[in-house]
There are 2 protein chains.
Amino acid sequence: MSESHEKYMLRAIELAREGMESNDGGPFGCVVVKDGEIIGEGNNRVTSTNDPTAHAEVVAIRNACEALGAFQLDGCTIYTSCEPCPMCLGAIYWARPARVFYAGTQSDAAEAGFDDAHIYRELEKPNDERQRPMINLLREEAREVFAAWIEKLDKTEY
Amino acid sequence: MSESHEKYMLRAIELAREGMESNDGGPFGCVVVKDGEIIGEGNNRVTSTNDPTAHAEVVAIRNACEALGAFQLDGCTIYTSCEPCPMCLGAIYWARPARVFYAGTQSDAAEAGFDDAHIYRELEKPNDERQRPMINLLREEAREVFAAWIEKLDKTEY
């Protein structure tokens with residue numbers, strides 16, 4: 001069993017290297033596995049596609065969900081070549097896989113110039129203490145839409 | 001000036017309502033503004049596109065970056081109909097807009113059934129204390145790719 005975990009992780013690391021070498025983006029790769037099959041793959045494509053959200057995990061999750069025709073990764077395992085940044089960890093929580101294997105650590109990534117630690121620290125702060133200003137406006141108008149959602153009969157929850 | 005902030009936020013809230021009514025997904029909308037112009041828009045499309053990452057902010061950031069032909073939102077302002085979840089806040093930090101306005105709060109969203117608070121709490125924990133297991137594997141193999149990135153001469157940093 002641990003041999004197959006290593007096999008999938010080696011594929012994630014191979015995707016990281018290939019994506020780096022072809023200048024898709026940073027050196028990060030990810031695969032999603034269900035019932036022993038790789039159902040989704042991704043590598044970082046931020047700089048080549050002008051998409052700051054195109055991290056390996058986000059690309060692989062989108063790819064796997066498309067393959068499954070579902071917006072959740074029930075019973076899946078994610079293998080990512082590096083410990084996820086806050087955006088990707090949030091995406092993983094929304095996608096709800098069973099578990100996550102990661103290879104490189106946050107500190108390995110930071111040594112290579114990818115410092116997510118400041119984002120983790122910012123997320124822990126209240127809105128008004130963050131470096132990036134976050135300002136509340138028109139809350140009541142937004143609450144009216146939430147009230148309509150609560151009343152909506154034909155909604156799909158997620 | 002505050003009138004135009006309200007105008008952009010009302011557009012974000014309108015996108016939230018329209019997306020909900022057309023069953024694109026949850027009741028969330030977002031616009032990205034640069035130099036007084038809306039350059040990107042988005043609404044939640046999770047359930048209609050089977051993409052758990054298709055939150056309003058992610059969709060709007062991708063849309064705005066495509067319009068700019070850039071992977072950062074320098075000098076832009078984001079107006080989102082609801083306080084961002086951890087995934088979207090991470091995406092905002094990577095996109096680097098100047099500031100963020102939000103309308104509904106986390107607690108308003110939670111009342112409507114969208115509870116991000118548990119994700120915020122999970123992110124603050126060390127890997128081995130999270131509900132979703134995160135397991136380290138093949139760290140040295142991943143570090144070799146980071147070492148190659150550090151040495152790479154033709155890389156685009158982000």
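View 1. N50(B) belongs to the loop between α2 (46–49) and α3 (56–68) of chain B. Helices (H or I, at least four residues) and strands (E, at least two) are DSSP runs, numbered from the N terminus. Across the chain boundary, N50(B) is in contact with C65(A), E66(A), G69(A), A70(A) and F71(A), leaving aside neighbours within four places in sequence. Contact requires C-beta atoms, placed from the backbone, within 7 Å. Within chain B, N50(B) and G25(B) are 25 residues apart in sequence and 9.8 Å apart in space, C-alpha to C-alpha. Residues are numbered from 1 along each chain as its sequence is written, and chains are lettered from A, ligands numbered from 1, in the order in which they are written. In this predicted model, local features need pLDDT of at least 70 and side-chain atom pairs pLDDT 80 or more, while totals for chains, interfaces and linings use all residues.

**View 2. The contact between chains A and B.** Chain B supplies 75 residues and chain A 74 residues. On the chain B side, helix α7 (residues 139–151) gives the most, with 9 residues. That side divides into 43 nonpolar, 15 polar and 17 charged residues. Asp, Glu, Lys and Arg count as charged; Ala, Val, Leu, Ile, Met, Phe, Trp, Tyr, Cys and Pro as nonpolar; the others, Gly among them, as polar.

View 3. Pairing needs at least two DSSP bridges. Here Y102(A) stands opposite N136(B).

**View 4. An open sheet of 5 strands.** The order is β5(A)-β4(B)-β3(B)-β1(B)-β2(B), with mixed pairing. β5 (134–136) of chain A and β2 (37–43) of chain B stand at the edges; each has a single partner strand, so one side of each lacks a neighbour in the sheet. The twist averages 20° from one strand to the next. Angles run from 0 to 180 degrees between N-to-C directions; axes are lines fitted to C-alpha atoms, for helices over the stretch in contact. β1 (residues 29–34) of chain B and β2(B) pair in the antiparallel sense over 6 bridges. G29(B) has N43(B) as its bridge partner in β2(B). α3(B) packs on the sheet, touching β1, β2 and β3 (77–82) of chain B, and its direction makes about 140° with that of β2(B).

How values were computed:
Contact = placed C-beta atoms within 7 Å.
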